[in-house]
Amino acid sequence: MVDTDRVVGAAKDFGGRAQGAVGDALGSDRDSLEGRYREAEGRAQRIYGQAKDTVRDIADDVGGYAEDAYDRVSRHGGTYLRDGRERVQAQVGENPFLALLVAGAVGYGLALLLHSRR
């Protein structure tokens, strides 16, 4: 969807160019300056419209990505959870001492966090 600022900005840009060219041809400094001003104003408005379009497109893309992620988790979330649990069980079975060290370190870190909030 094209933003109206892009269309209006392009029209002002074109009109300003025409007015500036007519002012230059007739030797009218006033018309030439007004034309250049309208041209710059139109370009700025067109760029603003392009920026709005870009932001809108990015927001639509992010919404689509979030929807896809939600669908994947809805369909496969149980599988991911089960696979993760099985991998953790296998690691703990292979390295029980390392698992105890990691669990102790996590517990100690949580205790420090909770104690420092008092």
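This is a predicted model: local features need pLDDT of at least 70, side-chain atom pairs count only at pLDDT 80 or more; totals for chains, interfaces and linings use all residues.
Two packed helices are described by the angle between their axes and the distance between the axes. Here, helix α1 (residues 4-26) packs with helix α2 (residues 29-94) at an angle of about 160°, and their axes are 7 Å apart. Since angles over 145 degrees count as roughly antiparallel, α1 is therefore roughly antiparallel to α2. As for handedness, α1 and α2 make a left-handed crossing. Sorting the residues of the contact of α1 with α2 by type gives 16 charged, 12 polar and four nonpolar.

Charge pairing shows up too: 11 salt bridges are found when the whole structure is searched. Among the salt bridges is that of Arg 36 with Glu 39, where the closest N and O atoms are 3.8 Å apart. Both Arg 36 and Glu 39 belong to helix α2, and they are three residues apart, or about one turn of the helix.

Notes. Residues are numbered from 1 along each chain as its sequence is written. Side-chain values use heavy atoms; hydrogens and water are left out. Axes are lines fitted to C-alpha atoms, for helices over the stretch in contact, and angles run from 0 to 180 degrees between N-to-C directions. Helices (H or I, at least four residues) and strands (E, at least two) are DSSP runs, numbered from the N terminus. Angles under 35 degrees count as roughly parallel, over 145 as roughly antiparallel, 65 to 115 as roughly perpendicular and the rest as oblique. A crossing is left-handed if the near helix is turned anticlockwise from the far one by less than a right angle, and right-handed if clockwise. Ala, Val, Leu, Ile, Met, Phe, Trp, Tyr, Cys and Pro count as nonpolar, Asp, Glu, Lys and Arg as charged, and the others, Gly among them, as polar. A salt bridge is a side-chain nitrogen of Lys or Arg within 4 Å of a carboxyl oxygen of Asp or Glu.
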